[in-house]
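Welcome! Have a look at the structure first, then read on.

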Amino acid sequence: MGMKRQRSEKLFKEAERCFPGGVNSPVRAFKAVGGHPLFIKRASGSRICDEDGNEFIDYVCSWGPLILGHAHPRVLDALREALEYGTTFGAPTEKETTLAMLIRNAMPSIEELRFVNSGTEAVMSSLRLARAFTGRDKVIKFAGCYHGHSDGLLVKAGSGVATIGLPDSPGVPSSYARNTLTARYNDIGSVDRIFNANKNSIAAVIVEPVCANMGVIPPDSGFLESLRALTESHGSLLVFDEVITGFRLAPGGAQALYRVTPDLTCLGKIIGGGLPVGAYGGRKDIMDMIAPSGPVYQAGTLSGNPIAMTAGIATLQALAETGVYENLEKFAATLQEGLCQAAAKNEVPVRVNRAGSIMTLFFTESPVHDYESAIVSDTRRFSAFFRHMLHQGIYLPPSQFEAMFLSTAHAEADIGATVNAALAALQAVQSELR
Ligand code: KE4
């Protein structure tokens, strides 16, 4: 399975001298799938090309932001024009309001919002605000959900924490961790029990309305509605972490798709169109507590910078065109069906969970509906599958516990090539690991 990797190997050795593990984000390190990461040189549409000239159909898409694919002409043209005016001023610009209006029009629950520079910053700020608004300290999250790396949320987290099997992160003071209570996704009873054991002390429940950090796990029917009712009855806030699902599942995100209205929403990824942007927002009576209109402090040098705003505006305007989500749905459904058939033909027990244009192929025969049923997946088979797909020119997320992301640039030929590669890869996995 030869693939030229000399330049990536050379660059990785240099990177290892600069960065812990040679990367700037753990999940990129290929730790869960073996070997060293490929260094990417350029990308366009659905394709990425590494430093050794290998080309791949990309299903990472920068972990979600690139729903239009790489280097979309509309985004690049808008950025080229914007750069002529300067890059950042540390002062208000019209573009922040333009992007905010696009977000608010799509998500009416967001009456006011604040731009930050990452999903982590959005979630961290939203929970500080929830604690201030309710006067309570505790927060409920769900095992396997990942909300960025702020201290209080690195408790039974998903994504890279699950990928490299870290129990939780050292360095988080126990005082933080004890204010983060963990429930079981899709198990409303587990939430109810925590509320009853912590009366009047839960500031908020934070949830990925569709999980994508223990692999993709959609909510069971009624789960989000029950969370809404429970938080309301206990005077706690419901925070939707829509960093992945916002503008991914629908223009209005999961809250539009499932018709459940949170008190606060966290966004990131797509709203930045490939540049660093996060946002948190929601009810005006809550958001007005944020400085300078209120006492809750939060700030950021590059928050709302015009270049990132430009990429976000161009992306959301392109997504507003007719048929975009219908096409994503069509291609994603075709891919899901193709992967299931490829597994069946090779008698490999898999589950392919999907929500819109994100999906995960789990190497397990039982349904995957929470963290416990996700982590029993055969990660050995997954890493063999990953390697065989990579060698056939398909770049999957290097972790069983991440989502595959499709873009509007993924064409029928890409889907067909991916399904054919999966057929061969699953056959190879079966003969290797029988
Ligand atoms: P960032 O700080 O990475 O922009 O966002 C944190 C975050 C918050 N909420 C959800 C639901 C998220 O998925 C994320 C980050 N997602 C991971 C991928 N699963 C980012 C990839 C990485 O960590 O390198």
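## The second largest pocket

The lining of the second largest pocket is made up of 14 nonpolar, 11 polar and 6 charged residues. In this count Ala, Val, Leu, Ile, Met, Phe, Trp, Tyr, Cys and Pro are nonpolar, Asp, Glu, Lys and Arg are charged, and the others, Gly among them, are polar. In total 31 residues line the pocket, and Glu96, Leu113, Arg114, Phe115 and Pro292 lie nearest its centre. Two or more lining residues come from each of α3 (94–106) and β4 (112–116). Helices (H or I, at least four residues) and strands (E, at least two) are DSSP runs, numbered from the N terminus.

The volume of this pocket is about 660 Å³. A pocket is an open set of points on a 1 Å grid over the protein atoms alone, with protein on both sides within 12 Å along at least five of seven lines, and its lining residues have an atom within 4 Å of a point. Points are joined across faces, edges and corners, and a volume is the space filled by probe spheres set on them.

## About the model

This is a predicted model, where local features need pLDDT of at least 70 and side-chain atom pairs count only at pLDDT 80 or more, while totals for chains, interfaces and linings use all residues. Residues are numbered from 1 along each chain as its sequence is written, and side-chain values use heavy atoms, with hydrogens and water left out.

## Around the ligand

Which residues are the closest to the ligand? They are Ser25, Thr120, Asn213, Asp241 and Glu402, out of 17 that surround it (a heavy atom within 4 Å). This shell holds 5 nonpolar, 8 polar and 4 charged residues. Both domain 1 (6–71 + 323–433) and domain 2 (73–319) contribute to the shell, so the ligand lies between them; the domain bounds come from an automatic or database assignment.

The structure has 1 cavity of 30 Å³ or more, where a cavity is a set of grid points at which a 1.4 Å probe fits but cannot get out. The largest cavity holds about 70 Å³ of space. Its lining has 7 nonpolar, 3 polar and 1 charged residues, including Met359, Phe382 and Glu402. β12 (358–362) and α14 (379–391) each give at least two lining residues, and β12 has the largest share, with 3.

## Two backbone details

Pro292 is in the loop between α10 (284–287) and α11 (306–319). A cis peptide bond, with omega about 5°, joins Ala291 to Pro292.

Trp63 sits in the loop between β3 (55–58) and α2 (73–83). Its phi is near 70°, a positive value in a residue other than glycine.
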